[in-house]
Amino acid sequence: MLEGVDIGRKDGQRWLLRHVHVRVSPGDRVALVGPTGSGKTLLLRALAMLDRLDEGTVRWKGKDVHGDAVPLFRSRCVYLHQQPALLEGTVEENWRAVYQLAVHRQRRYDRTRMLQWLNLLSRDASFLIKRLNTLSGGEQQITALLRAIQIDPEVLLLDEPTSALDPQATRDVELLVQRWIEEAPAERALVWVTHDARQAQRVADRTLRMKEGQLVEETDAELR
Amino acid sequence: MPNYVELTYGQVALAALLIVVNGAVSIMLQLKMERLLAIAALRTIVQLLLVGWVLEWVFGLEAWYVVMALACLMTAIAGATAVRRNEHRYPGIWINTLISVWVSSWFVTGYVLLAVLQEIQHWYQPQYAIPLLGMVLGNTLNGISIGLSTLTESLVTRRREVETWLSLGGTRWEAARRPIQHAVRTGMIPIINSMMVVGVVSLPGMMTGQLVSGMSPIEAVKYQIVIMFMVASATALGTVGVVLLAFLRLFSADHQFLASRIRRLADTRATPHN
């Protein structure tokens, strides 16, 4: 459903990404690995159309995405920063704020559902009124992840969401994403950027490896 | 026969002696500001005399093209000053700022010359056109440059927040709304503050001048009210203009935040970008 066709980005004369082809189908769980500076984040941002491309296009369900179709596309295919940006205020205020965006006006904030998600992580309603400055790194990441999940995206683009987290918080995030996929495994997909080969095995069925701005290898978990 | 005391150059020199006070303070407290003071004093004298001669000449000619040329020059200098005060640059900042300064100051000054001061002989009568434009430019400059630098600064520091809104399906406008509001508000604060205290804490320079030249206080005050509203509306127009033009340069039609276009001044000499 999400496809990057011949993606290229350069800084001055230097190509940061070149001739990258990616295809993400419903049900896909893709890990994106590679050394620092190999272009993993850039590729993920390119797939979310957050940066201007010098070559290639992003296609969503077979169509190029342009202009005023971009916000709707991004609400279906959500990119999450490595360090989440949360607003001042409480966790729940952060979640509610999303519904101010025109693209989500039809939807309504659903507290019961959010409590169910929190329950999964052994947290209760007191989490809702926690203020931003009292959240740990892991709690911030969970808040950001649930903020995205509540609008029912079809693809999550996760940029090293657990790189700064302790093992317990990492497991929480992995569990949350796992459950999100399991809710509708035939319709949802994710691309997860990670440094950790074991995490790649845990969270993905398919691994893409990047080197110097190019995709160099693709491994299917089944073949390993 | 003017109803004010005409100063001779000798009398001006007597007033200039007051700079000795500054010199004495500097020497007594060892501030080592003597050189700076001397330069500042000299610049005050030279710059103002030059302006005086130029205006004397322009006022004498009363030709529309000379007034226009001077007005263009003043506007261009104001625009350039507004950009220079900003420590960030983006491609198009010069033309955008110039357009904002130009449109806002000329629209407001034009309105006053044509619609408010109905009894002047020509719209280009330099006695009105030049000082009014000068007042507007001098005072709107502040708001425009503050609005612009607040926008670039807050876009740089809140980049992740802006991108988070975009990532969740926000339009470029929704994503930039807070920095834009913050910038326009910050740009308008100085003029609102000065409207609050005008006449109470300070007597504006133009009004002082009119009082000295023999105008009745009520007449001088009327002019000052006109000026205050000119400055207020030109500041609003100019600040909104410069902020919106910057927004259009920094956000693409595909709702992307082109953050790499903003460069800190120290970095602009490095490789060109995008």
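This is a predicted model: local features need pLDDT of at least 70, side-chain atom pairs count only at pLDDT 80 or more; totals for chains, interfaces and linings use all residues.
Q: How many residues of chain A are in contact with chain B?
A: Contact means heavy atoms within 4.5 Å. Here 30 residues of chain A touch 23 residues of chain B.

Q: What area is buried between chain A and chain B?
A: Buried area is the accessible area (1.4 Å probe) that two parts lose on being put together, summed over both. For this pair the value is about 2300 Å², and carbon and sulfur atoms give 51% of that. A:Arg52, A:Arg74 and A:Leu101 supply 25% of the area that chain A buries against chain B, more than any other three residues.

Q: Which residues form the salt bridge between the chains?
A: Look for a side-chain nitrogen of Lys or Arg within 4 Å of a carboxyl oxygen of Asp or Glu. The count between chain A and chain B is one: A:Arg45 pairs with B:Glu163, with the closest N and O atoms 2.6 Å apart.

Q: Which elements give two or more residues to the side of chain A that touches chain B?
A: Helices (H or I, at least four residues) and strands (E, at least two) are DSSP runs, numbered from the N terminus. In chain A the elements are helix H2 (70–76), strand E6 (77–80) and helix H5 (137–149). The largest share, four residues, comes from H2(A).

Q: How many helices and strands are in chain B?
A: Chain B has 10 helices and two strands, in the order α-α-α-α-β-α-α-α-α-α-α-β along the sequence. Its C-alpha atoms fill a box of roughly 70 × 55 × 35 Å, taken along the principal axes.

Terms used. Residues are numbered from 1 along each chain as its sequence is written. Chains are lettered from A and ligands numbered from 1 in the order in which they are written. Side-chain values use heavy atoms; hydrogens and water are left out.
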